[in-house]
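Colleague: I would like to learn how to read the side-chain features of a model like this one. Could you take me through them, giving the general idea and then the case at hand?

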Amino acid sequence: MELQRSMVDGSVCMKDSAKSEISSERTLYPYVTGTSIIGMKYKDGVILASDTAGSYGSTLRYKSVERIKQVGDHTLIGASGEISDFQEIMRYLDELILYDKMWDDGNSLGPKEVHNYLNRIMYNRRNKFNPLWNSLVLGGVKKGQKYLGTVNMIGTHYEDDHLATGFGNHLARPILRSEWREDLTFEEAVKLIEKCLLVLLYRDRSSINKFQIAKITDEGTTIFPPYALKTFWGFSHFQNPSKGAAGTW
Amino acid sequence: MDLDLSAPHSTGTTIIGVTYNGGVVLGADSRTSTGMYVANRASDKITELTDNVYVCRSGSAADTQVISDYVRYFLHQHTIQLGQPATVKVAANLVRLLSYQNKNMLQAGVIVGGWDKYEGGQIYSVPLGGTILRQPFSIGGSGSSYLYGFFDQAWKEDMTHEEAEQLVVKAASLAMARDGASGGVVRTVTINAEGVTRKFYGGDTLPLWHDELEPTNSLLDLLSSSVPEPMST
């Protein structure tokens, strides 16, 4: 069945029936997306890292997207996937924290509670076939207890000492499994994270050389300003790879 | 799961919004195409939401028109209740709300631009899906593909109004030269503390690019001039 759709200012064109109005039953695909998030516990707290890219299909359309945000006093959240859904999740979380603050009872929601709340939202949307198209990493510290967890669009959730989303799962986690230790100092943790970020920059098409690192400790949260890393291209093999075999890549 | 991530599903348009040191300049081409036919060669894609906020529309005509109409209606009420002009941020967020909540049914990529007394000139990009992002400049529509590199090189902070206007016209005209779905005239709207100014850059007043020739009245004029135009390959 052919479907007609009007284009800019009144013209009409044939619409691809696969993308036709299935109305508000389900989200089909994401538009503006963020790539990997990396998270890991270290001696004093938790570190999250990401790049600041918002891809639009294969185009690196937006280059200053903040994908790591603070939630209340004790939690950081990092998001990959559809940015509009992340912005909506931030609205839910900001409201949650606001209502919590309004009790003014000396208690505040910690990362475990926020994670549980998010998990309910994500899983219920998944059951209605209308997911929030994200993979989220939540890190935080409350009363000395470090927390690092993840939840994604189908409701899968778990905690670990180090986590990643998207490509990070394949490229960053092996590095972390091998080199992570419980007692990393902040400096060592940053070096390890940067090692992972560099690999993602080399090997993930939707990553850019503009990163944000955020840390959270019992003292508080810091989201550092965006910065770029130096890349290495000096391998002798890179000079002339086709030398012995014309046409090779 | 079959993900269609070839998202650049934007349509026959080039739209641009840039901030400068006193406000914003919005620009767009004027071509509306029905498949291969140009249905309207002088359309106006920059639409008023309030006195101080305009929106550049790309995507489905119906969708963007209806969104604009709703947002204009809401903003009108909001202005009355507020007792002063609405802010650009509020206008952009209203557009985002409609876009996001109906994301499965809409095909609308817009750029909201305007001026208010709190933040001065602002540009907000609201692409497909309903993400909202404030940017110093933004491009959209099918013609924008040809402008990413251009803006990476030509954009600078704190331009004067003349520089900003010329940048927008140059960019739109470059996109129109290469994008079959963009063409016609370039319309610009400048919004600042003083108010709103509409400009129109007709076909022949736009600069010529590579492999484009100076327009003439007729071959006969060329033949009757002393030196015939040389042929070129």
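Modeller: In this predicted model, B:Asp69 and B:Arg72 both lie in helix H1 of chain B, where three residues, about one turn of the helix, separate them.

Colleague: What do B:Asp69 and B:Arg72 form with each other?

Modeller: The general idea is that side chains of opposite charge can pair when their charged atoms come close. Here B:Asp69 forms a salt bridge with B:Arg72, and the closest N and O atoms are 3.0 Å apart. B:Asp69 counts as partly exposed because its relative accessibility is 42%, and B:Arg72, at 30%, counts as partly exposed too. Salt bridges with shared partners also join A:Glu88, A:Arg91 and B:Arg96 into one network.

Colleague: How many salt bridges does the structure hold over all chains, and which parts of the chain does the pair of A:Lys101 and A:Asp73 link?

Modeller: The structure holds 16 salt bridges over all chains. In one of them, the side chains of A:Lys101 and A:Asp73 meet with an N to O distance of 4.0 Å. This pair links distant parts of the chain, since A:Lys101 is in helix H1 (residues 83–103) of chain A, while A:Asp73, 28 residues apart from it, is in the loop between strand E8 (68–71) and strand E9 (75–82). A:Lys101 is partly exposed, at a relative accessible area of 49%, and A:Asp73 is partly exposed at 43%.

Colleague: How should I read a pair of aromatic rings, and how many does a search of the whole structure find?

Modeller: A pair of aromatic rings is described by the distance of the centres and the angle of the planes. The search finds 13 aromatic pairs over all chains. Among them, B:Tyr70 and B:Phe74 form a stacked pair, 6.1 Å from centre to centre and with 20° between the planes. Because B:Tyr70 and B:Phe74 are four residues apart in helix H1 (residues 61–82) of chain B, about one helical turn separates them. B:Phe74 also forms a pair with B:Tyr73, which is tilted, with 5.6 Å between the centres and 45° between the planes.

Colleague: Which residues do ring pairs link into a cluster?

Modeller: Ring pairs link A:Tyr202, A:Phe232, A:Trp233, A:Phe235 and A:Phe238 into a cluster. These residues also form a nonpolar patch on the surface, and together they have about 570 Å² of accessible area. A:Trp233 is found in the loop between strand E15 (221–223) and helix H5 (236–239) of chain A, and A:Trp233 counts as exposed because its relative accessibility is 56%.

Colleague: Where does A:Thr52 lie, and is A:Thr52 buried or exposed?

Modeller: A:Thr52 lies in the loop between strand E5 (45–51) and strand E6 (54–56) of chain A. Residues under 20% relative accessible area are read as buried, so A:Thr52, at 2% relative accessibility, counts as buried. Leaving aside neighbours within four places in sequence, A:Thr52 is in contact with several residues, including A:Tyr62, A:Val65, A:Ile208 and A:Phe211. The C-alpha atoms of A:Thr52 and A:Tyr227 are separated by 9.7 Å, although the two residues are 175 residues apart along the chain.

Note on methods:
Residues numbered from 1 in each chain as written. Chains lettered and ligands numbered in written order. Predicted model: local features only at pLDDT ≥ 70, side-chain atom pairs only at ≥ 80, totals over all residues. Heavy atoms only, no water. Patch = residues over 30% accessible without salt bridge, like charges linked within 9 Å, V, L, I, M, F, W, Y side chains within 5 Å. Areas by Shrake-Rupley, 256 points an atom, 1.4 Å probe, with all protein chains shown as cover. Helix = DSSP H or I, 4+ residues; strand = E, 2+ residues; numbered from the N terminus. Buried < 20%, exposed > 50% of the residue type's maximum accessible area, 1.4 Å probe, protein only. Contact = heavy atoms within 4.5 Å. Phe/Tyr/Trp six-rings, centres within 6.5 Å; stacked < 30°, edge-to-face > 60°.
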